[in-house]
Amino acid sequence: MNYTTLWTHLRITLIPVILMILCPISIHLLVKFGHMHHVNMTWTEIIFGNVTSWTIVIIMILWAFLSLIVPAKQYYGATTKSGFTPYYHDNGVLYHVTTSLLFIVTCYMFPSIPPTIYFNIPHLFSTLNIVALMFCTVLWVKGKYFPTEKEEPEKTGLIFEFYSGVELHPRIFDVDVKQFMNCRFGMMAWQLLIISYWAVSYETYGFNWGITLTVTLQTYYITRFYYIESTYFSSLDVILDYEGFYMCWGCLVFMPGFFVYSVYSFVANPPIISQFTALLLLPFGIIFMTLTALVDVEKDIFKKSNGKRALWTNNPKFIRAEYEINGKKVTTRLLISGFWGVCRHLNYVFEIASYVVWSIPGYNLGILPLACPIFLIILTTHRTFRDDDKCLKKYGVAWEQYCKIVKYKMIPFIF
C-alpha cells in the first residue's frame, strides 16, 4: 500500500470514525468544564439529556421548521451539475427579530427561563448530540433512496457517506435542510443562548462590561448574518459540501456549543476588563464584522448584476470560466476586482479578527476563551487549500489563471 492509498483509506474511514466519536464527547466535556457548578448527571442523562433539554430542543426545531413553511419570498442558489437549483426562504431578518424579541419578553415575564436553560446546558448538548445523529441517519437514508436531486457524491463507502453526506441540497417536507440547520436552528440557538448567559451573569454578579461587550458583538454578528443571509448560499460551503455529519452536527451542536463558549465561560468566570477597554474594543469588532460582510456583499452584487457592477466600481474586472451542468457547458465569471482582487479569502481574515476581539475579555482566563479564534484560524487555513482543490476541478484552466492574478489566499504578500 503506497502513501496515497494509505492516506485515502485514513481519510474516508478511520478519521471520520474518530471524529464522529470524539466530537460529541468533547463538546459534552467542554460544557461541563465551563459550567458555574459541578453538574451531576446519570448515565442516561449523559447520553440522552433530560425532559427539560428535550422540551427546549423540540420547541426550537418546531419554531425553526415553521419559519420555513410559512409563505415568504424565495431566492435561488447556484445550479448544481445535475441541473437542480436550490431555493430558500427570504425571511431571515423577520425570523431573527421576532424570535429574539419574543424570547426577551418571555424571559422578562418568566425570569426563571434563562437559569433553567443555563443549568441544563450539559443535558441540552447531550440531547443535541442525539438529535444530530438522528438527523444524519435520516439524511443518509433519504439521500440513498429518496434523493431530492440526481447528483451523486464520490463512491467512498458507508462511513464516509454518513460523515460527509450523500446529498448537496436535501429537502424534507420541501424545507431546505441546510437553511434549516444552520440559519434557522444553529444561528438562532447561538443568539438565544448568549441572551440567557448574559441574564444569568447579570442576576448573579450584576452588570459586567466584559460579557456585555462579547454578547453585543456576537449579536451584531448574528444580526449581520441574517441581513445578508442570501450571500451565505453563494458560499463554497453551501455550493460544494454535502449534508452529512460534518455539516449537520456542526450546525446543530458545534455552533451553539463551541462558538458561544466564550460567553458561556464568562458566566462562571466574570471578565475583569474595564468600561474603557470594552468601549475601545467595541468599534474594532463592529468594523471587522462589517468588512467581512462587505467582502461577501461585493461578490453578491457582482453575481446579481451579471458582472456589470461590484461594490466599488461599475466596471469590475473578471475572468471568464466554464463548468458543466447536466453535461452542458456553462459560462461564469471569477471576480478579480475590489476585495477579491487582493486575496482569495480576505473575508476569512476579517472574520478571525472579529472572533479575536470578542474573545479578548477572557484574556486572564487561560486558553479556552481563545479556543474559538484559534480553531477558526486552523479551519479557514485548511479551507483555503480545500477550496482551491474544488475550484480547480470545477473551473480548470480558468482557476489556474485566476490564482496567477490573485496570488495570495488570505493575507496580502504573506499567505
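**Exercise 1.** Determine how helices H14 and H15 are oriented to each other.

*Solution.* H14 and H15 are roughly antiparallel to each other, a class that requires an angle over 145 degrees. The structure is a predicted model, in which local features need pLDDT of at least 70, side-chain atom pairs count only at pLDDT 80 or more, and totals for chains, interfaces and linings use all residues. Residues are numbered from 1 along each chain as its sequence is written, and side-chain values use heavy atoms, with hydrogens and water left out.

Step 1. Two packed helices are described by the angle between their axes and the distance between the axes.

Step 2. For H14 (residues 275–304) and H15 (residues 346–359), the angle is about 155° and the axes lie 8 Å apart.

Step 3. The crossing of H14 past H15 is left-handed.

**Exercise 2.** State which residues of H14 and H15 meet, and classify them.

*Solution.* Step 1. Contact means heavy atoms within 4.5 Å. Among the H14 residues that meet H15 are Leu281, Phe284 and Phe288; the H15 side includes Phe350, Val357 and Trp358.

Step 1. By class, this contact of H14 with H15 has ten nonpolar, four polar and two charged residues.

**Exercise 3.** Locate asparagine 306 and phenylalanine 413, and decide whether each is exposed or partly exposed.

*Solution.* Step 1. Asparagine 306 sits in the loop between H14 and strand S5 (318–325). Its phi is near 55°, a positive value in a residue other than glycine.

Step 1. Phenylalanine 413 belongs to the segment after helix H17 (397–405). Its phi, near 70°, is likewise positive in a residue other than glycine. Phenylalanine 413 has 71% relative accessibility and therefore counts as exposed (over 50%).

Key. Axes are lines fitted to C-alpha atoms, for helices over the stretch in contact, and angles run from 0 to 180 degrees between N-to-C directions. Helices (H or I, at least four residues) and strands (E, at least two) are DSSP runs, numbered from the N terminus. Angles under 35 degrees count as roughly parallel, over 145 as roughly antiparallel, 65 to 115 as roughly perpendicular and the rest as oblique. A crossing is left-handed if the near helix is turned anticlockwise from the far one by less than a right angle, and right-handed if clockwise. Ala, Val, Leu, Ile, Met, Phe, Trp, Tyr, Cys and Pro count as nonpolar, Asp, Glu, Lys and Arg as charged, and the others, Gly among them, as polar. Buried means under 20% relative accessible area, exposed over 50%, partly exposed in between (1.4 Å probe, protein chains only).
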